[in-house]
Amino acid sequence: MTLSDTQRPKGQAPTAAASSRPAVFVDGAAGTTGLGIGERLALQNDVAVKSIAEEKRKDAGAKRALMEEVDLVILCLPDDAAKETVALIDSMGPAAPKILDASTAFRVAGDWTYGFPELTPDQADKIRVARKVSNPGCYPTGAVALLRPLVDAGLVPVDYPVTINAVSGYSGGGKSMITRFEDAAAPAFELYGLGFEHKHVPETQAYANLARRPIFVPSVGNYRQGMLVSVPLHLDTLPGKPDGADLHAALAKRYAGSAYVSVMPLDNAAAKSGKIEPEALNETNRLELYVFASAKYPQALLVARLDNLGKGASGAAVQNMRLMLGFAD
């Protein structure tokens, strides 16, 4: 398993916070995201991980006592349980730890900081000083990474009729979906969320800075993990009629120097072969962004590739955790 890219970068000295071993509690450590976070934290030696006995996991008093001993709590819980635990932490006053929530409960809440450090040039600094951070969803990570720089640059209007297509491995669908696929009770591929009410749409719209609600078409393939998020564009309907190089330049400018987000060259291997697969970044915290533009037609396709359990969940959580605890990104 290659999880080393979620550790402190090689040669980087720890801050004072790191030398005193800040403590972290992962609430919901047995779930898919929690297990991924645990695997990554096991590779780090500058964070102390606290745990609670299984029989006391739902004991509010025991949980509160543990949370008073830690610097940060990572919530890997269903939305309702996350809200209950946040209410408990809010009642702790000065003893309350920082919170990093991996549910969808607070992703568009005004008093929470969005945990995509690459969102804007100052987003990582906002995460560093925040007490409450919402970890992004896997699909929005790819979609927002592609769209936000283009909207900010004026290449894509805020009211543009955006369509987002995506495919993920089944591990992103929770226990029931995982069981269905691993018990061979699921098809090779399926579209879902066809009622236009997928929980990731509000988050995507908000952080891509879109005034018009995008159409989001998710799908799942019969493989465990790995994700492709794609956005088709008619270039002749965009202001100034940009070409692929213009789109690529805007993305490259936004993510220049990023440790985890790479804007791939226009003449990349996928462009030459005419195909791209979703599993190449599995077990990493990396995110690759592609611009495929037609030389014949005024059309382009933006594609993000990531591990839905990495940069789309556990990897992003550890990246945010380190920022919140005072480590460099």
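Buried means under 20% relative accessible area, exposed over 50%, and partly exposed in between, with a 1.4 Å probe and protein chains only. This is a predicted model: local features need pLDDT of at least 70, side-chain atom pairs count only at pLDDT 80 or more, and totals for chains, interfaces and linings use all residues. Residues are numbered from 1 along each chain as its sequence is written, and side-chain values use heavy atoms, without hydrogens and water.

**Stop 1: the tyrosine pair**

Select Tyr 114 and Tyr 207. Both are buried. Rings of Phe, Tyr and Trp (its six-membered ring) pair if their centres lie within 6.5 Å; planes under 30 degrees apart count as stacked, over 60 as edge-to-face, the rest as tilted. By this rule there are five aromatic pairs. The ring centres of Tyr 114 and Tyr 207 are 3.7 Å apart and the planes are at 5°, so this pair is stacked. Tyr 114 lies in strand β5 (residues 113-114) and Tyr 207 in helix α8, 93 residues apart. Helices (H or I, at least four residues) and strands (E, at least two) are DSSP runs, numbered from the N terminus.

**Stop 2: Tyr 170 and Phe 181**

This pair is stacked too, with centres 5.2 Å apart and planes at 10°. Tyr 170 sits in the loop between β7 and α7 (174-182), Phe 181 in helix α7. Tyr 170 is buried at 9% relative accessibility, and Phe 181 at 4%.

**Stop 3: helix α6**

Select residues 138-152. Of the 15 residues of α6, 14 are buried, so the helix is largely enclosed by the rest of the structure. Centre the view on Val 144 for a kink of about 35°; the bend is the angle between axes fitted to the seven residues ending there and the seven starting there. Just after α6, Gly 154 has a positive phi of about 80°.

**Stop 4: the largest nonpolar core**

Such a core is a set of buried Ala, Val, Leu, Ile, Met, Phe, Trp, Tyr and Cys residues joined through side-chain atoms within 4.5 Å. Among the 42 residues of the largest one, Val 229, Leu 247 and Leu 289 touch the most other members. Helix α6 gives the most to this core, nine residues.

**Stop 5: Val 47**

Val 47 is in the loop between α2 (32-41) and β2 (48-50). Its relative accessible area is 5%, so Val 47 is buried. Contact means heavy atoms within 4.5 Å. Not counting residues up to four places away in sequence, Val 47 touches Arg 21, Pro 22, Val 24, Met 321, Leu 325 and Phe 327.
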